[in-house]
Amino acid sequence: MLIPLILAFTPNYVVPASVTLRSLLRATPEEVCYDVICLVGYEPDEKLLNLLSLIDEGTGRLSFRFMNLSEKLKDAYYDPTYTAAANYRLVIAEELPEYNRAMYMDCDIIIRQDVSQLFENIDLDGYYMAGVVEASSDWQIRNYSKLGLRFKEYINSGFLIMNLELMRQDKLSDKFISVLQTEYLEFPDQDAINIVCQDKLKFLPPVYNGIRTFLTHADKGDFLRVYSLNDWKQVRREGTIHYTGNKPWKGYAIFFEEWYRVYETLPEKLKNTMEVPSGLRRKAKLLCLPGVRCLLEFILDIKYFFSR
């Protein structure tokens, strides 16, 4: 099986992107290969290509190509908080006529389940995209209302299955470009997806995109307004980890050890291109020891129970 996989990253995200891709390879069967379409705002050099070729260790499961779509979005509003390349996925459908659907993921993600089965079997008939609904706080819900959106129907755009065929048919690229020309969007590309695709979004189980607020005990109440207690346990136990807050290669983040668990499997040549906090790396090794995370989870559950 060959899956078209769309990524957006800048040169300083090579190692995080490598960790994401390595986690994907570890979580999916060996016969699954990926046509990785890298959305960039620059011309990649030979050094970058050589580094990326190290990720699959010569198995041939990953092939890479690069697309710079900045010209198509030259009039779009750009929030410097986010990479401009993230907007490029909104106009990608016409650039991939050979595919009817594609998978997209951010590069601050650890995959822990077989997403290839989801990609192969999901029914997207009548839907532009499939993604995971956010368990939103009160201030986010108020923001949705300003945008004409509804609580429990706003998805996080960090992991998507995209119906490229329907997007081309309905000329969604033009609609995205129009929405992106405004400056009032809190999360420009994500808000644009939810505005343009409203009522044609398929909702995935939360296990496929465990954003930070799905994982912290402090946000458990918000999570349970949308999902079940079993969902909460499953996301923490085996769900995709999406580091929407602090990045584990910079400092402490919830379940940071899972990022380092995969990072440590990278070839040294790749790891040497980015420095990570040595203290955090040592703590991650401790948390990866058998039973340590389970003990910590038990302590956190007790603490949460008595704090309510």
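A: What follows goes through the sheet, then the helices and the charged pairs.

The model is a predicted one. Its open sheet has seven strands in the order S3-S2-S1-S4-S7-S6-S8, and the pairing is mixed. The edges are taken by strand S3 (62-67) and S8; each has a single partner strand, so one side of each is left without a neighbour in the sheet. Direction ignored, neighbouring strands of this sheet are turned by 30° against each other on average.

Strand S6 covers residues 129-133, and five of its five residues are buried, so the strand is largely enclosed by the rest of the structure. S6 has strand S7 (residues 155-162) as an antiparallel partner, joined to S6 by four bridges. S6 is also joined by four bridges to strand S8 (residues 201-204), and this pair runs parallel. Met129 takes part in both pairings: its bridge partner in S7 is Met162, and its bridge partner in S8 is Leu201.

S7 also pairs with strand S4 (residues 102-105), in the antiparallel sense and over four bridges. Here Met105 has Phe159 of S7 as its bridge partner. Helix H7 (residues 188-196) packs on the sheet and touches S6, S7 and S8; the direction of H7 makes about 65° with that of S7.

Next come the salt bridges, for which the count comes to 14. One of them joins the side chains of Arg237 and Glu238, with an N to O distance of 3.9 Å. That distance falls within the 4 Å cut-off used for a salt bridge. Arg237 has 55% relative accessibility and therefore counts as exposed, while Glu238, at 33%, counts as partly exposed.

In general, an α-helix has 3.6 residues a turn, so residues three or four places apart point the same way. Glu258 is buried, with a relative accessible area of 11%, whereas Arg261 is partly exposed at 32%.

Another salt bridge is formed by Glu264 and Arg281, whose closest N and O atoms are 2.7 Å apart. This pair links distant parts of the chain: Glu264 lies in the loop between H11 and helix H12 (268-271), and Arg281 lies in helix H13, 17 residues apart. Glu264 is partly exposed, with a relative accessible area of 26%, and Arg281 also counts as partly exposed, at 24% relative accessibility. Through salt bridges that share partners, Glu264, Glu268, Lys271 and Arg281 are joined into one network.

Helix H13 spans residues 278-287, and its buried residues are Leu280, Ala284 and Leu287. These three cover an arc of only 60° around the axis, which puts them on the same side of H13. The exposed residues Arg282 and Lys285 are carried by the face of H13 turned away from its buried side.

Technical notes
Residues are numbered from 1 along each chain as its sequence is written. This is a predicted model: local features need pLDDT of at least 70, side-chain atom pairs count only at pLDDT 80 or more; totals for chains, interfaces and linings use all residues. Side-chain values use heavy atoms; hydrogens and water are left out. Buried means under 20% relative accessible area, exposed over 50%, partly exposed in between (1.4 Å probe, protein chains only). Helices (H or I, at least four residues) and strands (E, at least two) are DSSP runs, numbered from the N terminus. Two strands pair if DSSP finds at least two bridges between them. The arc is that of the directions from the helix axis to the C-beta atoms. Axes are lines fitted to C-alpha atoms, for helices over the stretch in contact, and angles run from 0 to 180 degrees between N-to-C directions. Contact means heavy atoms within 4.5 Å.
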